Amino acid sequence: LQRPYPPLWYPTSSADRIPWVASHGFNTLFGFTRTSLDVIADGIAQYRVEFAAHEGDAGRLNGHVAEPRLGATRHVYVAATDDEAMRVARTAYTEFERSYVTRPGHAPTGDASRRGDFDTAIGWGGIFAGSPDSVRLMVQDFVDRTGANYFVGTFAFGNLTTEQILSSMRLFAEAVMPAITPAALSDGAKSQTLS
């Protein structure tokens, strides 16, 4: 009954879906398993072209949203030091990965999911773990390289305790988020802010 209805989201891992998603102006997250920053950047660039081409079309499903949210999700763990963050995140992510690949109803695919083990996931940028300064640099790099205006941190994963999760989120909110600046968008692109 709400008018206008809440903004709609349509996450996708498929480049083939981007034209349709963008033509309707859906908020979206790009890629969920082993999606590099370059692939996300390509998806966001393609989205912006399609969005502009269809911005005035009648019947768009998310037509009431002027500036869609475009981003991706990453595992995040922030601690006082890089060493502490990496040690805790490695243990937590290893447990997360073990639980993920051995979940009920899931056919075994080997020792790791498509995201890979901790070192693999760190290597392709699927985990942001470190001190507030280090994680700030990682998130800023994510924003700058992809042009994203939205970032979803997965703060609860594996065997992290409630205290560890809350501490990480607090450090992120107090020492990382305030320092992030929007990406410099290409000529003609609308200025958007990180949410």
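In helix 6 (residues 162-176), Ile 165, Ser 168, Phe 172 and Val 176 are buried, where buried means under 20% relative accessible area, exposed over 50% and partly exposed in between (1.4 Å probe, protein chains only). They cover an arc of only 70 degrees around the axis, which puts them on the same side of helix 6; the arc is that of the directions from the helix axis to the C-beta atoms. The model is predicted, so local features need pLDDT of at least 70 and side-chain atom pairs count only at pLDDT 80 or more, while totals for chains, interfaces and linings use all residues. Residues are numbered from 1 along each chain as its sequence is written, and side-chain values use heavy atoms, with hydrogens and water left out.

**Helix 6**
- Helices (H or I, at least four residues) and strands (E, at least two) are DSSP runs, numbered from the N terminus.
- Helix 6 has 15 residues and reaches 20 Å from its first C-alpha to its last, close to the 21 Å expected at 1.5 Å a residue; the expected span is 1.5 Å times one less than the number of residues.
- Thr 162, Glu 163 and Glu 174 are exposed on the other side of helix 6.
- The buried residues of helix 6 pack against strand 2 (70-78), helix 5 and strand 4 (150-154).
- Ser 168 counts as buried because its relative accessibility is 0%.
- Beyond its neighbours within four places in sequence, Ser 168 is in contact (heavy atoms within 4.5 Å) with Val 76, Tyr 77, Val 78 and Phe 155.

**Helix 5**
- Helix 5 (residues 132-146) has 15 residues and spans 21 Å from first to last C-alpha, close to the expected 21 Å.
- Its buried residues are Pro 132, Ser 134, Val 135, Val 139, Gln 140, Phe 142, Val 143 and Thr 146.
- Not counting residues up to four places away in sequence, Val 139 touches Phe 128, Phe 151, Phe 172, Val 176 and Ile 180.
- Gly 147 follows helix 5 and has a positive phi, near 80 degrees.

**Strand 2**
- Two strands pair if DSSP finds at least two bridges between them.
- Strand 2 runs parallel to strand 4, joined by 5 bridges, and His 75 stands opposite Thr 154.
- Strand 2 also pairs with strand 3 in the parallel sense over 4 bridges, with Ala 129 as the bridge partner of Tyr 77.
- Strand 1 (residues 28-29) is parallel to strand 2 and joined to it by 2 bridges; Leu 29 stands opposite Gly 71.

**Aromatic pairs and core**
- There are 12 aromatic pairs, counting rings of Phe, Tyr and Trp (its six-membered ring) with centres within 6.5 Å; planes under 30 degrees apart count as stacked, over 60 as edge-to-face and the rest as tilted.
- The rings of Tyr 93 and Phe 96 have centres 5.6 Å apart and planes at 45 degrees, so this pair is tilted.
- Phe 142 and Phe 151 form an edge-to-face pair, 5.3 Å centre to centre with 70 degrees between the planes.
- One aromatic cluster consists of Phe 128, Phe 142, Phe 151, Phe 155 and Phe 172.
- The largest nonpolar core has 41 residues, of which Tyr 47, Val 76, Tyr 77, Val 135, Val 139, Phe 142 and Phe 172 touch the most other members; such a core is a set of buried Ala, Val, Leu, Ile, Met, Phe, Trp, Tyr and Cys residues joined through side-chain atoms within 4.5 Å.
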